[in-house]
Amino acid sequence: MIRILSIAALATSALMIAPVAASAQTAGYYSATPATAPTKNTVITAGTLWKCADGVCGAAKSTQRDVIMCQMVAQRMGKLTAFAVAGAAFDEATLAKCNTVAR
């Protein structure tokens with residue numbers, strides 16, 4: 001009986017820690033990788049908060065079209081080497097279109 005309670009307590013503790021670790025990451029609906037690492041941990045584009053760590057920035061889903069979101073972040077952060085929406089990376093042509101507005 002005691003062994004079962006110990007396992008249940010351990011499992012509950014693990015479930016409580018997992019959301020904290022996940023929330024510390026920059027993952028989001030959008031993921032942008034600037035060619036030059038951002039100097040700030042957060043950037044705002046048209047009301048969308050981007051959180052950056054280890055050279056990658058993430059943001060929650062926006063009402064803007066995906067290409068527009070990419071262009072807005074490229075305009076604020078410079079040329080991007082990668083941009084993904086819901087885990088799907090932009091192809092080279094779409095990323096090049098996005099980078100036309102990079103500062």
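Visitor: Does Leu-80 count as buried or exposed, and what is its relative accessibility?

Guide: Keep in mind that this is a predicted model. Burial is read from relative accessible area, and a residue counts as buried under 20%. Leu-80 has 1% relative accessibility, so Leu-80 counts as buried.

Visitor: Where does Leu-80 sit, and with which residues is Leu-80 in contact, leaving aside its neighbours within four places in sequence?

Guide: Leu-80 belongs to strand β5. With those neighbours set aside, its contacts are Ala-32, Thr-33, Pro-34, Ala-35, Cys-70, Val-73, Ala-74, Leu-95, Cys-98 and Asn-99. For one of these, Cys-70, the separation along the chain is 10 residues, and the C-alpha atoms of Leu-80 and Cys-70 lie 8.6 Å apart.

Visitor: Which residues touch the most other members of the largest nonpolar core?

Guide: The general idea is that in soluble globular proteins, nonpolar side chains tend to be buried together. Here the largest nonpolar core has 20 residues, and Trp-50, Leu-80 and Phe-83 touch the most other members. Two or more residues of this core come from each of β1 (30–34), β3 (48–53), β4 (56–59), α2 (66–77), β5 (80–85) and α3 (92–99). Helix α2 gives the largest share, 7 residues.

Visitor: How do these elements follow one another along the sequence?

Guide: The protein chain has 3 helices and 6 strands. Their pattern along the sequence is α-β-β-β-β-α-β-β-α. As for contacts between residues at least 6 apart in sequence, 58% join residues at least 24 apart.

Visitor: Does Ser-62 count as buried or exposed?

Guide: Apply the cut-off again. Ser-62 counts as buried because its relative accessibility is 17%, under the 20% limit. Ser-62 lies in the loop between β4 and α2. Not counting residues up to four places away in sequence, Ser-62 touches Tyr-30, Thr-48 and Met-69.

Visitor: What percentage of the residues of the protein chain count as buried?

Guide: The chain has 103 residues, and 29% of them count as buried. The protein chain exposes about 6,800 Å², with 60% of that supplied by carbon and sulfur atoms.

Visitor: What is the volume of the largest pocket, and which residues line the pocket?

Guide: Rolling a probe the size of a water molecule over the atoms shows where empty space is left. In this model, the largest pocket has a volume of about 170 Å³. Its lining consists of Thr-36, Ala-37, Pro-38, Thr-39, Lys-40, Val-43, Arg-76, Met-77 and Arg-103. By class, the lining holds 4 nonpolar, 2 polar and 3 charged residues.

Note on methods:
Residues are numbered from 1 along each chain as its sequence is written. This is a predicted model: local features need pLDDT of at least 70, side-chain atom pairs count only at pLDDT 80 or more; totals for chains, interfaces and linings use all residues. Side-chain values use heavy atoms; hydrogens and water are left out. On a 1 Å grid over the protein atoms alone, a cavity is a set of points where a 1.4 Å probe fits but cannot get out, and a pocket is an open set with protein on both sides within 12 Å along at least five of seven lines; lining residues have an atom within 4 Å of a point. Grid points are joined across faces, edges and corners, and a volume is the space filled by probe spheres set on the points. Ala, Val, Leu, Ile, Met, Phe, Trp, Tyr, Cys and Pro count as nonpolar, Asp, Glu, Lys and Arg as charged, and the others, Gly among them, as polar. Buried means under 20% relative accessible area, exposed over 50%, partly exposed in between (1.4 Å probe, protein chains only). Contact means heavy atoms within 4.5 Å. Accessible areas come from the Shrake-Rupley method with a 1.4 Å probe; for residues, only the protein chains shown count as cover. A nonpolar core is a set of buried Ala, Val, Leu, Ile, Met, Phe, Trp, Tyr and Cys residues joined through side-chain atoms within 4.5 Å.
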